[in-house]
Amino acid sequence: MLSASEYCGFMSVIFWTIAQVPQIVKNHQSKSVDDISVQFLLLWLVGDSANLLGCYLGDGLLTQILLGVYFVMCDVTLLGQWSLYSHEARKTRHASWTLGASAVTMAALFLIHRGTGISYSQLLGWLSSGIYLLSRVPQLVHNFTHKHTEDLSPLLFGFAVGGNTTYALSIVSHSVDPTYLTQQLPWLLGSAGTLFFDAILLYQIRLYRICGGGCSVNLGGLDCAEYKEYKALEKGSSMA
């Protein structure tokens, strides 16, 4: 019989395995990603990459490493869709900025490791947790600025809430020993800390959603019907 910690961990794996699939499917069907912040996707990729590297260097379980590879593949798929369907310019600039910041961060980790002796796996755990927390900020700002979230799948953040909640519960239900919790603190903060941001994102999606239940806001002076017609024409011209 599974313990409470094992059950929560199993549920977390299920949530995270399917979390990004609804957004990937939605992007493919709508061919529109204008409401998705590329900085959010890039930071998510960096965070998942750091987590994967930390699992590998920390002799993580094979299942952890395979899941890490799967998450990175999903991130790359979302970024590929953004590059394919987005009308936003300066894509290369965004990518270069993020990759440059990642290189500087990795160099800083090397220096911290040399100076303090903290393991790379622990440092990468803190790095990934910090990035997961910060990754939501660009999307929050993007939603607030454009006041339009039709291209975002609420299931992405709903499953993320489920995955992070069950993951945090799997840690605290395993043991409340201070030494153990200190070791798990990066991952605990990375999962529990994002719940606040994901709750706001879900609220924004509901607040700014145009489809269903009427229009919440006017965009650029256009009402709902006019905006939908504009999006349809824009999509048709891009596919021509």
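**View 1. Helix 1 spans residues 4-18**. This helix has 15 residues. From its first C-alpha to its last, helix 1 reaches 22 Å. That is close to the 21 Å expected at 1.5 Å a residue. The model shown here is predicted.

**View 2. The buried residues of helix 1 are S5, C8, S12 and W16**. Where do they sit around the helix axis? Seen down the axis of helix 1, its buried residues fall within an arc of 65 degrees. They therefore line one face of the helix.

**View 3. C8 and C74 are both buried cysteines**. C8 has a relative accessible area of 14%. For C74 the value is 7%. Buried means under 20%, so C8 counts as buried. By that cut-off C74 is buried too. A disulfide is a covalent bond between the sulfur atoms of two cysteines. How many disulfides does a search of the whole structure find? The search finds 0.

**View 4. The chain holds 10 helices and 0 strands**. Read along the sequence, its pattern is α-α-α-α-α-α-α-α-α-α. Helix 1, at residues 4-18, belongs to this pattern. Take the contacts between residues at least 6 apart in sequence. Of these, 80% join residues at least 24 apart.

**View 5. Inside and surface of the chain.** The chain has 240 residues, and 40% of them count as buried. S5 and W16 of helix 1 are among the buried residues. The chain exposes about 12,900 Å². Which atoms supply 69% of that area? Carbon and sulfur atoms do.

Note on methods: Residues are numbered from 1 along each chain as its sequence is written. This is a predicted model: local features need pLDDT of at least 70, side-chain atom pairs count only at pLDDT 80 or more; totals for chains, interfaces and linings use all residues. Side-chain values use heavy atoms; hydrogens and water are left out. Helices (H or I, at least four residues) and strands (E, at least two) are DSSP runs, numbered from the N terminus. Buried means under 20% relative accessible area, exposed over 50%, partly exposed in between (1.4 Å probe, protein chains only). Contact means heavy atoms within 4.5 Å. Accessible areas come from the Shrake-Rupley method with a 1.4 Å probe; for residues, only the protein chains shown count as cover. The expected span of a helix is 1.5 Å times one less than its number of residues. The arc is that of the directions from the helix axis to the C-beta atoms. A disulfide is a pair of cysteine sulfur atoms within 2.5 Å.
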